[in-house]
Amino acid sequence: MGEEKEKRKVGERRSAQRIKRVLADTTPKHLEQLTKQARALAGDDGEGEGDGDGEDSSMDAVRRKLGHLHKRHASLREKLTNPSPPQKSLVVRMQEEFEKGIEGRRLEGEEWNDSVIKELQERLYSGDAAVSAQDDREANGEPQIGDRQGGEENMTVLVNRKVIRGAKGGHIVIRFDTAFGAKNFESYYCVLKSNSSMDKLYVVEHSIPFFLPVRELEKQHLSNSPKRFIDHMGDVLQAYVSRREQVIELKKLKGDLIGELYHSLSYTLIEIMLKEPQCQVGLSLAYHNSDSELPTQSTITAWPLSTDLITQTAAKRPGRAILKNSTAFRLPKAEAFLRTMPLPRGFEEFLADLRDTLGLSSPQLVVAAPQVAIEAPHPATEAAKPVMEAPEPATETQPLSNEAQPMEIEAPVEAPHCLM
């Protein structure tokens, strides 16, 4: 028993001695490390025991880096913890910049080519590289020399109704201005970007209406010729605004003659229905090219509502191609007018051709109801003719006039739209 107790005591003494030796070796080093870390965090410039000049300089660099990280951490924490309004899109920010004023290099003719966009790309990326290097120097604690320069430098090019400007991050912003007549209308924005100055551009953001072929033109032109994409997109937007304003102007000028009007979102398909007491007329306009301001196809079909008017029209215009077993006929002359002039003016020519085709001499014929009894001008005492019967053909000595054609309403029916 006594020997076992003695052996146990010896083992405990040896374990205690080993622990003391380990602590004696590690504790000073650990304390020294903790002291250095505390001084670095506290920003203490005092020298520690046994520290040399080289160690002091390294500690200063560590403190500067830690200070930079602390600032970034505080900024990120502020953004994450405090609610802030949503960040504006690049298009909105650039729109505000454009409103401050536009000054840049104006290009005309052959001066505007793909090399202009290439040069703009290279300047943008060289400027961004300079800004990035300056940020790295600040992160490493190196002093800043001069003002910050680079990606935010104003690089603007003016081409016709387009403004092209470089933006930070390698972005190229294009503003497309539109007009109709002497009035300016809305502007549209498109933002291009590439991964480097040598890579191809692609569309990252735009304010162009979704029904216009932005992506189609991007695939067709942008990778091969940015200039062609920008020019074609500008023509598409200008044509869209022109077609829209032509329809609006037509409704203002001739809205009382239009029964129904339908159009697609891009105004590349327009349908107009007119209803006149003696003839119902339909117009169909198609713009097969999205950059066309005039229709590429026009169709006008008229349906006379009177049997005598059908016979009269066929006799007066035998070449109108009235179909067999059908009363409809076309107006090729008016269709050609609509394809060669703006819609309001072409509509006027169409009305004149329709009056000539139907043999109507009066430019306006206001009717209260579709079913009327029309009396012949001679003799004045003759009984009224049947409902909707065509009047006798007018001659030079006996012109048809509204005064000589009294109208009587046979039944209270809804008044139709009037053509002339």
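**View 1. A polar contact of the His-171 side chain with the backbone of Lys-168.** In this predicted model, a polar atom of the His-171 side chain lies 3.0 Å from the backbone oxygen of Lys-168 (a polar contact is an N or O pair within 3.5 Å, one able to donate a hydrogen and the other to accept it, with residues adjacent in sequence counting only if both atoms are side-chain atoms). Residues are numbered from 1 along each chain as its sequence is written, and side-chain values use heavy atoms, without hydrogens or water. Local features need pLDDT of at least 70 and side-chain atom pairs 80 or more, whereas totals for chains, interfaces and linings use all residues. His-171 belongs to strand E4 (helices, of at least four residues, and strands, of at least two, are DSSP runs numbered from the N terminus). With a relative accessible area of 16%, His-171 is buried (buried is under 20%, exposed over 50% and partly exposed in between, with a 1.4 Å probe and protein chains only). Not counting residues up to four places away in sequence, His-171 touches Leu-90, Leu-124, Arg-165, Gly-166, Val-191, Leu-192, Lys-193 and Val-204 (contact means heavy atoms within 4.5 Å).

**View 2. The buried face of helix H3.** Helix H3, residues 90–99, has Leu-90, Val-91, Met-94 and Phe-98 as its buried residues. Seen down the axis of H3, these buried residues fall within an arc of 95°, so they line one face of the helix (the arc is taken from the directions between the helix axis and the C-beta atoms). Among what covers them are strands E3 (162–167), E4 (171–180), E5 (183–193) and E6 (202–206). Just after H3, Gly-101 adopts a positive phi of about 140°.

**View 3. The open six-stranded sheet and helix H6.** The strands follow the order E1-E2-E3-E4-E5-E6 in an open sheet with mixed pairing (two strands pair if DSSP finds at least two bridges between them). E1 (105–107) and E6 are the edge strands, each pairing on one side only, and the twist from one strand to the next averages 25°. E5 and E6 run antiparallel and are joined by four bridges, with Val-203 in E6 as the bridge partner of Leu-192. Helix H6, residues 226–254, lies across E3, E4, E5 and E6 and runs at about 30° to E4 (axes are lines fitted to C-alpha atoms, for helices over the stretch in contact, and angles run from 0 to 180 degrees between N-to-C directions).

**View 4. Leu-192 and the nonpolar cores.** The largest nonpolar core has 55 residues, of which Ile-164, Ile-172, Leu-192, Val-281, Leu-283 and Phe-350 touch the most other members (a core is a set of buried Ala, Val, Leu, Ile, Met, Phe, Trp, Tyr and Cys residues joined through side-chain atoms within 4.5 Å). H6 gives the largest share of this core, nine residues. Another core, of 10 residues, lies apart from it and includes Val-91, Val-163, Ala-167 and Tyr-189. Leaving aside neighbours within four places in sequence, Leu-192 is in contact with residues including His-171, Ile-172, Val-203 and Phe-229.

**View 5. Strand E9 between its two partners E8 and E10.** Six of the eight residues of strand E9 (residues 279–286) are buried, so this strand is largely enclosed by the rest of the structure. Strand E8 (residues 269–276) runs antiparallel to E9 and is joined to it by eight bridges, with Ile-272 opposite Leu-283 in E9. Eight bridges also pair E9 with strand E10 (residues 297–304) in the antiparallel sense, and here Ser-284 stands opposite Thr-299 in E10.
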